[in-house]
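Have a look at the fold first, then read on.

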Amino acid sequence: MNERILGLDVGDVRIGVSVSDPIGIMALGVDTINRTSNKYAYEEIENYIKQYNVNKIVVGMPYNMDGSLSEQGEKIKKFATKLGNKTGIDIIYFDERLTSKSAERILIEGDIKRANRKKYIDKIAATIILQTYLDSRV
């Protein structure tokens, strides 16, 4: 059975979710989880882990431009560490600087109205994070 990698763009309000194809070449956008509570978010992520037979999770980390971890990064690390402890799955932290801007540009180029962009931006950012990680392994 093929194992996949899950990509997460963790925010305070929403979590973008992506998954690799079975051979680990391409990232595919899956969903945006509305983070009504951490409990709900962990349950949803655990459902994707089971559904896609995930063996690794890549979490986007918002570093400052000088390379230090941002305040948001500290919150994300705490969330992801707990996720790793709950699931027993390795967490890989991956630099996500500028991915939200890239995702926004993709939506603008796709002529998605501003009011609708929030629905897609986190899932696209998660896909960019995971794809960049996959590409870096080659």
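**How the sheet goes together**

E1 and E2 run antiparallel and are joined by 5 bridges; strands pair when DSSP finds at least two bridges between them. Helices (H or I, at least four residues) and strands (E, at least two) are DSSP runs numbered from the N terminus. This is a predicted model, where local features need pLDDT of at least 70 and side-chain atom pairs count only at pLDDT 80 or more, while totals for chains, interfaces and linings use all residues. Residues are numbered from 1 along each chain as its sequence is written, and side-chain values use heavy atoms, with hydrogens and water left out.

**Strand pairing**

- In the E1/E2 pair, Leu6 sits opposite Val19 in E2.
- E2 and E3 also run antiparallel, with 7 bridges joining them.
- Gly16 faces Thr32 in E3 across that pairing.
- A hairpin is formed by E2 and E3, with 6 residues between them, and Gly24 in the turn has a positive phi of about 75 degrees.

**The whole sheet**

- The sheet is open, has 5 strands in the order E3-E2-E1-E4-E5, and its pairing is mixed.
- E3 and strand E5 (90-95) are at the edges with a single partner strand each, so one side of each has no neighbour in the sheet.
- On average, neighbouring strands of this sheet are turned by 25 degrees against each other, direction ignored.

**Helices on the sheet**

- H1 packs on the sheet and touches E1, E2, E3 and E4, its direction making about 155 degrees with that of E3.
- H2 packs on the sheet too, touching E1, E2, E4 and E5, and its direction makes about 170 degrees with that of E4.
- Contact here means heavy atoms within 4.5 Å; axes are lines fitted to C-alpha atoms (for helices, over the stretch in contact), and angles run from 0 to 180 degrees between N-to-C directions.

**A closer look at H1**

- The buried residues (under 20% relative accessible area, 1.4 Å probe, protein chains only) of H1 are Ala41, Tyr42, Glu44, Ile45, Tyr48, Ile49 and Tyr52.
- Seen down the axis of H1, these buried residues fall within an arc of 165 degrees, so they line one face of the helix; the arc is taken from the directions from the helix axis to the C-beta atoms.
- Their cover includes strand E4 (54-61) and helix H2 (71-87).
- Lys39, Lys50 and Gln51 are exposed (over 50%) on the face of H1 turned away from its buried side.
- Just after H1, Asn53 has a positive phi of about 55 degrees.
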